[in-house]
Amino acid sequence: MSHILYNVILILAALIGIPYYAARMAFTGKYRQSLGPKFGFNPPEIFSSLKGSPRIWFHAVSVGEVTAAAPVIAAVRKALPEACIVLSTSTETGQEMARKIVPAVDAYLYYPLDIPRVVRKVVGLVKPDIFIPTETELWPNFITACKRLGTRIILVNGRISPRSFRRYMSTRFFWRKVLSDVDAAGVITEVDGQRLRAIGMAPGRIRVCGNAKYDSLAAKVSPALKDEMAHRLNLNPLEPVVVAGSTHEGEEKVVLEVFGGLLKRWPEFKLILVPRHIERAAAVRELAVNYGYADVIAMTEINGGRRRQDERVVLVDVIGELFKLYSLATVVYCGGSLVPRGGQNILEAAAWGKCVFYGPHMDDFREERELLE
């Protein structure tokens, strides 16, 4: 009965959501690459090319989850060199990041929408022996399709934020059945494990494993990366730099005001501004110009061959560069925390030994904040 109710709600949400996303696609171009595959329309050669055993399907929603999945996939590939590994993402930025940093994959997909007919089609084409979602990405119809095929389901890097926990608990009667189909779960902290047990997962299926995102952070830090970024941005490694990473609307204004104050005391300071969503780059650039920084240079311009000269502000309008850019920072501000967005991964900057600032809204990274403090 609860599953029927879920699908009724899903249909109602689709009736509202599809026109909205269709309009976004028509006017902004967003979702054009992913919309067809999300409804199950994939090039047939993706599936015909799948070879090897066991067949393991990883899923990572977006950029952050791809970062978490990357070391796990690398370890699985090393342990099982003959395996067929498929990686899906939900977002186009996640897909772009996956193709950049996760090479040990046989095929890349967009995760299908949780419509019964669609998920049955895609799961039937992939035929995974194991499905591995990252960071508590649980879609009931997809899980049902996997179980009917005999696919084992193992959650990795599981985390349940306070907001998500409240939502799960309010519908615990439904999620208890969904979690009964999950064979095992590796969670980040004991708190995540406690929340998963409270929602209804059997305690014997839960293991606290730490955060996969951090397993590779220290190994990724290297002087060569810092030299590479300093060369690309034409920065003296000794120049003072503010890196504002993963900023959201409303935060860039604060960053630019603070930066103006810094310049009054240290006029040699530079600012590297990295919006969380690159589609906001034009608006952020306009905001910087309005604050008096007409000499803004975008990372796409630098990547296209333009050499940064005296430009004081670098606007990063590409994905996949933030971790390396932190190497150049004198100080770091991590976004999503001055506005109620749950914060961002402050330990990426801390891995470089940087002084990290953030605001009060760190609900999604509470453990990381406590660890750092």
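The following paragraphs describe the overall form of a predicted protein chain and then some of its local features.

Residues are numbered from 1 along each chain as its sequence is written, and side-chain values use heavy atoms, with hydrogens and water left out. Because the model is predicted, local features need pLDDT of at least 70 and side-chain atom pairs count only at pLDDT 80 or more, whereas totals for chains, interfaces and linings use all residues.

The protein chain contains 19 helices and 13 strands; these are DSSP runs numbered from the N terminus, with helices (H or I) of at least four residues and strands (E) of at least two. Its radius of gyration is 22 Å, close to the 21 Å from the globule rule for 373 residues, so the chain is as compact as a globular protein of that length. That radius is taken over C-alpha atoms, and the rule is 2.2 Å times the number of residues to the power 0.38. The C-alpha trace spans about 65 × 45 × 40 Å along its principal axes.

Of the 373 residues, 50% are buried (under 20% relative accessible area, with a 1.4 Å probe and protein chains only). Among contacts with a separation of 6 or more, 64% link residues 24 or more positions apart, a contact being heavy atoms within 4.5 Å.

Part of the strand arrangement can be followed through β12 (residues 331-334). Strand β8 (residues 241-247) pairs with β12 in the parallel sense over 4 bridges, pairing being defined by at least two DSSP bridges between two strands. Within this pair, V242 has V331 of β12 as its bridge partner. β12 also runs parallel to strand β13 (residues 355-357), to which 3 bridges join it; here Y333 stands opposite F357 in β13.

Strand β8 also holds S246. The phi of S246 is near 55°, a positive value in a residue other than glycine, and S246 counts as buried at 10% relative accessibility. K127 likewise has a positive phi near 55°, but its place is the loop between α6 (116-126) and β4 (130-133).

Helix α7 (residues 140-149) has P140, N141, F142, I143, A145 and C146 as its buried residues. An α-helix has 3.6 residues a turn, so residues three or four places apart point the same way. After α7 comes G150, with a positive phi near 85°.

A further backbone feature is the cis peptide bond between S53 and P54, with omega about -5°. P54 lies in the loop between α3 (44-48) and β1 (55-59).
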